[in-house]
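Biologist: I'd like to learn how to read a model like this one. Could you walk me through it, feature by feature?

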Amino acid sequence: MKLHSIGVLLSAGMNPANGRMRRSPIDAQALELVLMLREVNPAVTLEAIHIGDMSNEPALREYMGMGLEAVTLLEQGPGSDPVALLSDYLQSRNMDLIVAGCAALDAGASGVFPYQLSQALAIPVLPDVTALVVTEHALVAKQARERGVRQNFEIGSPAIITVSPLAPSSRLPAYVRARAGTITTILRDDHSVMGQAVPALRGPTLRPSAPMRKALASADPNATAEERLRAVTALKDGAGDLHEGMQSEQIASEILARLKQVGLHRSKTSDFATGVEK
Amino acid sequence: MRETTARRRFSLARLSIELKRQRGRKDWREALRFAEVREERLDNRLPSTGQRIRKDPWAIRRFVTAASGRPRLDENQGAIGYSAFRKRVRDSKPTHRLQDPSGYVIAVLDSESGKLNPLDRTCLAAARQIAGLDSGVAVLALSEVAVAGLEEAGADRFSLIPGLRSTGHDVSVEDTLSALVRQLDCQSVVFCDSTIGRHSARTLATKIGVVPAIGAHELGEHCCVARCGAGECDAVYDGVRVVTAKEGFVSTAFSFRFEASALEIGLSLLRADGAIKDLGAENTPADQIPLEEAPFVLCGGAGIRDWSLFNRVAAQLNATRAGTRVVCDKGFLPRDRQVGASGSSSTATVYIALGLSGAVQHLQGIESCEEVIAINIDSAAPIVKRADTSYIADADEVMAELFRQSLEQTQ
């Protein structure tokens, strides 16, 4: 399949250790996926987009150190809607695939920005992707699910992809490449975009994190401490089945029958899929 | 009423005994606290009157079966003492009935088979916590197939929507859900914290026009709290519209049973254009699945002699290999395969423990396993107390048979 251009959405986050802006690890993994794709298919053009201003330059230099030649910076004016800004720009660029991280590092991290973008552009989203393969006829993405299940999807163009933290880890930035990269600033001067700005969704209020409290195991809220301890530490203590004196063949056949019942053992006819309970 | 009177009388009876026993203690409250600790020993008093159960010395002695299965002499001769009475009262849960719900909280379940998995239970428990028990709001569980165990899990109503968890993008589940939200006028929709659930939550939230709370660990009727990406901030959401609850932070056990009665919804799934096609799940070898989330684990202990046979059996059964600390110390398995207190915790659906004794530290690693099958030569091993099914046999012989029979069945 002919992939003309891929857009990567990059964001910056604050490093809690030293208070400096740094590249977002999940966006770096998204960029890594696309860079790996470009190494295999040299015909693919890549454009990296960041919405913000030049104060995030250290973070953008870290991205460029991974092997990115240029970053497009969309200057966001005060009160402008980032979704409208980006969708406006992407429609003019006519991209086949847009790759983003699954959630932002700061500010709410609900992961809803790619979905707002997909609604504005009317293109589908595929979340939690760990691998991208371009075959002759299609673009195949592998989605990471629970219990180690990996689901393959064939994606038409254009589409938005969100990258999962289980994707291959990103390469470290190189200083020379970081210095050599260029940042192209696109200033949105036409006030038409800002005038039509849809008020952004009211997000959550942020506060410093408090320790998370785990749920209690016992049902009764009036249980004494002794009862709660017993509920958590009690073993089966005779409630399980004990089989003595059985032959190994019989034991093995019983275990295989139980596995088949749960759906974890394949038989001659059925197709095997990891982790799916039938 | 009767229970309150009995309890009061019993408390007075207990108090009088304790005060007699502890003449030195000045504080009657302290005496009562001691009485509470010793409550279990006061099994020989009737719950109604608090009087000691009178035993007929000429009655035929009866035997009851204790929890361990062994017959025990019934000291009370059929009468139920106070602690057994209170245990029976505690264990029988009242049913929470809701005649005319004033609103709905929708819980969208993920299960493909007919059982509830832990993510589904968390989703229902979160919906229950948002709805509360006194406000007249019902929890409506939506699933693709009929699911067992909804009464204990907290659902007031349930409804089947075939194709709800469709993995392809040719049906628009979120359009159906937003239509349902408008029709039932429901305040919150709770999804499972899985890949599909989070995707549906974000899509639905974007359609409705709210920001979803993904991975919320504190839930209430009007606000919820989730952790931000870098772990430094908490995001407090005003109003709970679309939520995903984090597993382990919502209590899934209730002191009520619920009526999971069917609710008729006249909605069908809306067709959307399939730009993304589902090609199906990949056949990954189970050995590569991370140990914490592997569904089928084969764990070997110090009682195994033939390790090459163990590896072959794991490959044949497509199970994830694991080992105890002793096995990893000796080098038979790498350290990242260790299960136990200093290793990984397993959340497997089926966990087969071969030739391991079940030391306390290892049992800490298999607390959350759904089913444990133990094969051990020693019937007094602690793993037998933990396991759901135990076979007393040699692990190597059973492994050889498992390999042979599995090969026969799959060829």
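Modeller: Helices (H or I, at least four residues) and strands (E, at least two) are DSSP runs, numbered from the N terminus. This is a predicted model, where local features need pLDDT of at least 70, side-chain atom pairs count only at pLDDT 80 or more, and totals for chains, interfaces and linings use all residues. As for conventions, residues are numbered from 1 along each chain as its sequence is written, chains are lettered from A and ligands numbered from 1 in the order in which they are written, and side-chain values use heavy atoms, with hydrogens and water left out.

Biologist: What pLDDT does chain B average?

Modeller: First the idea: pLDDT is the predictor's confidence in each residue, from 0 to 100. Where pLDDT is low, the predicted coordinates should not be read in detail. Chain B averages 83, and 78% of the residues score at least 70. For the complex, the predictor gives an ipTM of 0.87 and a pTM of 0.80.

Biologist: How much area is buried between chain A and chain B?

Modeller: The size of an interface is often given as the accessible area lost when the parts come together. Buried area here is that loss (1.4 Å probe), summed over both parts. For chain A and chain B the figure is about 8100 Å², with carbon and sulfur atoms giving 56%. The contact (heavy atoms within 4.5 Å) takes 90 residues from chain A and 95 residues from chain B.

Biologist: How many salt bridges cross that interface?

Modeller: The rule asks for a side-chain nitrogen of Lys or Arg within 4 Å of a carboxyl oxygen of Asp or Glu. It finds 5 across the interface of chain A and chain B. Lys277(B) and Glu154(A) also meet in a salt bridge through their side chains, at 3.9 Å from N to O.

Biologist: And sheets? Which strands are at the edges?

Modeller: Strands of a sheet pair through backbone hydrogen bonds, either parallel or antiparallel. The pairing rule needs at least two DSSP bridges between two strands. Here 10 strands form an open sheet with mixed pairing, in the order E12(A)-E11(B)-E10(B)-E9(B)-E12(B)-E8(B)-E4(B)-E5(B)-E6(B)-E14(B). The edges are E12 (205-208) of chain A and E14 (261-262) of chain B, each pairing on one side only. E12(A) runs antiparallel to E11 (residues 233-238) of chain B over 4 bridges, and Thr205(A) stands opposite Val236(B).

Biologist: Which peptide bond is cis?

Modeller: The one from Ser157(A) to Pro158(A), with omega near 0°. Look for Pro158(A) in the loop between strand E9 (150-155) and strand E10 (159-163) of chain A.

Terms used: Buried area is the accessible area (1.4 Å probe) that two parts lose on being put together, summed over both.
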